[in-house]
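Let's take a walk through a protein model, one step at a time. Have a look at the picture before reading on.

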Amino acid sequence: MQFYRDGYRPGDPDVQPADPRAQLHDEAFPEAVDVLIVGSGPAGAVLAAQLAEFPDIRTRVIERRAAPLLVGHADGVACRTVEMFQAFDLAEALVREAYWVNEVRFWGPSDEDRSRIIRTGWVEDTPAGLSEFPHVIVNQARMQQYLLDHAAKSVSRLEVDYGVEFVGYEKDDVSAHPLAVTLRHTAGERTGEEFTVRTRFVLGCDGARSAVRTALGIELRGDAANHAWGVMDVLATTDFPDWRTKNVVQSAGKGSLLMVPREGGNMVRCYVDLGEVAAGDSEIRKTTAEELREVANAILHPYTIDVKQVAWSSVYEVGQRVADRFDDLDADAPEDATPHVFVAGDACHTHSAKAGQGMNVSMQDAFNLGWKLAAVLQGRSDATLLRSYSEERQSIAADLIAFDKHWSAFIAQPALDPAHPERGGVSAAGMQAEFARQGRYTAGLATRYAPSTLTGGGEHQKLATGFEVGTRFHSAPVRRVSDARPMQLGHSHRADGRWRIYAFGDVGNVELRKFASWLTEDSASPVRAFTAADADIDGVIDVHAVFRGSHHDVDVTELPSILLPTSGPLNLQDWEKAWAEDPADSIFTRRGISSHGAVVVVRPDQYVSLVLPLTARRELHDFFTGFLLPA
């Protein structure tokens, strides 16, 4: 963490000095902003944290609730989401507070007495090697607050305007701020009062009943609900031995129970199977917490839970729906048309909670969109870049819906009765095998972006087989050359809108040094072509080198200056661009780096765009030319 690059300052390094352009929260709502974020839920919080990095972008966040969320409904935090939190330097605090899901244990009817359940097996929750971070559980409200606090401590001092809701908007094509948005106060002395703000972009992160989606005329399409589940967070005493592990419990004719321990050491979330329901049946929603306890105890027989407190409970019906577009462009819009209104998260896809993907996919929607908005608003990319948000994330949402249909139906199956196989159901071995098979998806690591302007093909994938093009950059251990610190290479990637180029090669690799020199000196280098002459050389594309061999054999001061750049108002050197393999766990072996070396290009949202040989010049230049504007 570098926090003296602008000069020495005492105090908490997480609180950045306020930029003169920052608009303090207690000032009047401005007449015009660049970005209006509607909703402070998972997607809105990520967008706020991202855009707060750029004080020259005037961002405002509104939330119809009168105060911050205290109890969230989502709780599962996938490994991929923790990786994203690391880009905001929030992962350490998150995993310290959270419950770590290490195992999933399975319970089913005993063959001797099918009224009783027995443990039938277990699997590792997240297969080894998928991520350096665990799958964790923490309240959605805490997740959001981490991000919102990060935004409030940023140079922009971005905070949420609570008690303000989106009403509607009108658009013109002549104004610099083409959207006139009507807002309404929902709390305080001005409740009911409407006012207007002009903006360039509206980001609808306002949930499944999204007012922004309604204003766009977009509908959620998909299957109607036909299976109900009750959910409750309980503090209880019990004789059930696996109370502090994640459990899938199948009973003989009494339903299923999914148990997920929560943070804090005592609370557990119980998903109680309430069975099939007719479409439109609202009676099931009247199920009380006491009734949920009775069903849960019946499923757990011969064990019992004595609930001391229900922190939260609800009943919901499983349904899977997705919007047919995620922005305001019609299907027949011209190729150069620019979207100005977007929806993200539950505003454009809804599904069950069984796979724990709702909050996670919502946050990844926002992580995809935020850096693109910053690139356009700062003039680094043409506005047509924003079309890629709907193109990329809609296919991810479709995959999620397909997975959720399979997963929610699979979890709801009855236990197979060996004496009556004709009745159907799933065996204990089948349940365990399916959980293990889906580990990569539930960890949030199955996303793969198709070839596009932002993602290349796999022509050179063999040079770095462990950095799959289109998937997230899979971190691995390294040693920082300047101070010998063992680190994860991926943790050098911050949520600051910059692209990354990682050049891999032996300490004595001549081509690696030639490549770094070309990036530093040649006018055809994308670093030179797309970085303004008066800007920091790493302000758009951040270049790193990773050497096979000992860090003792690398003299940083002899490397091309792109690997020891000077930046900031004091023109200080950045000593954190050169890395060496960890002798105990080589990144070259772990990620399949060729003996000839490789270049790996990584998007601002941590996805691999390109793998190239160290001799590539034209290919690299042409790739960046596809979406970056000349400085």
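The structure holds 45 salt bridges, where a salt bridge is a side-chain nitrogen of Lys or Arg within 4 Å of a carboxyl oxygen of Asp or Glu. One of them pairs Glu392 with Arg603, with the closest N and O atoms 2.8 Å apart. Glu392 lies in helix H8 (residues 387–411) and Arg603 in the loop between strand S26 (598–602) and strand S27 (608–612), so this pair ties together parts that are 211 residues apart in sequence. Helices (H or I, at least four residues) and strands (E, at least two) are DSSP runs, numbered from the N terminus.

A quick word on what you're looking at: this is a predicted model, where local features need pLDDT of at least 70 and side-chain atom pairs count only at pLDDT 80 or more, while totals for chains, interfaces and linings use all residues. Residues are numbered from 1 along each chain as its sequence is written, and side-chain values use heavy atoms, with hydrogens and water left out.

Now step back to the whole chain. The protein chain has 14 helices and 27 strands. Its radius of gyration, taken over C-alpha atoms, is 26 Å, close to the 25 Å that the globule rule gives for 631 residues, so the chain is as compact as a globular protein of that length. That rule is 2.2 Å times the number of residues to the power 0.38. If you boxed up the C-alpha atoms along the principal axes, you'd need roughly 75 × 60 × 50 Å.

How is the protein chain divided into domains? There's domain 1 (30–98 + 138–222 + 320–329 + 338–411), domain 2 (101–133 + 226–317 + 413–438) and domain 3 (461–626), with bounds that come from an automatic or database domain assignment.

Let's look at where domain 1 meets domain 3. Their C-alpha centres lie 31 Å apart. The contact (heavy atoms within 4.5 Å) takes 16 residues from domain 1 and 14 residues from domain 3. About 1400 Å² is buried between these two domains, and carbon and sulfur atoms give 50% of that; buried area is the accessible area (1.4 Å probe) that two parts lose on being put together, summed over both. Three salt bridges are counted between domain 1 and domain 3. On the domain 1 side, helix H2 (79–87) and helix H7 (358–377) each supply at least two of the residues that touch domain 3.

Next, find Arg105 in strand S5 (residues 103–109). Which side chain does the side chain of Arg105 make a polar contact with? The partner is Asp242, at 2.8 Å. A polar contact is a pair of N or O atoms within 3.5 Å; within protein, one must be able to donate a hydrogen and the other to accept it, and residues adjacent in sequence count only if both atoms are side-chain atoms.

Most residues other than glycine have a negative phi, and most peptide bonds are trans. Yet a cis peptide bond joins His301 and Pro302, with omega about 15 degrees, and Pro302 is found in the loop between helix H6 (289–300) and strand S16 (305–323). Arg157 has a positive phi, near 50 degrees, and sits in the loop between helix H4 (140–152) and strand S8 (160–162). Ala484, also not a glycine, has a positive phi of about 65 degrees; look for Ala484 in the loop between strand S19 (477–480) and strand S20 (486–488).
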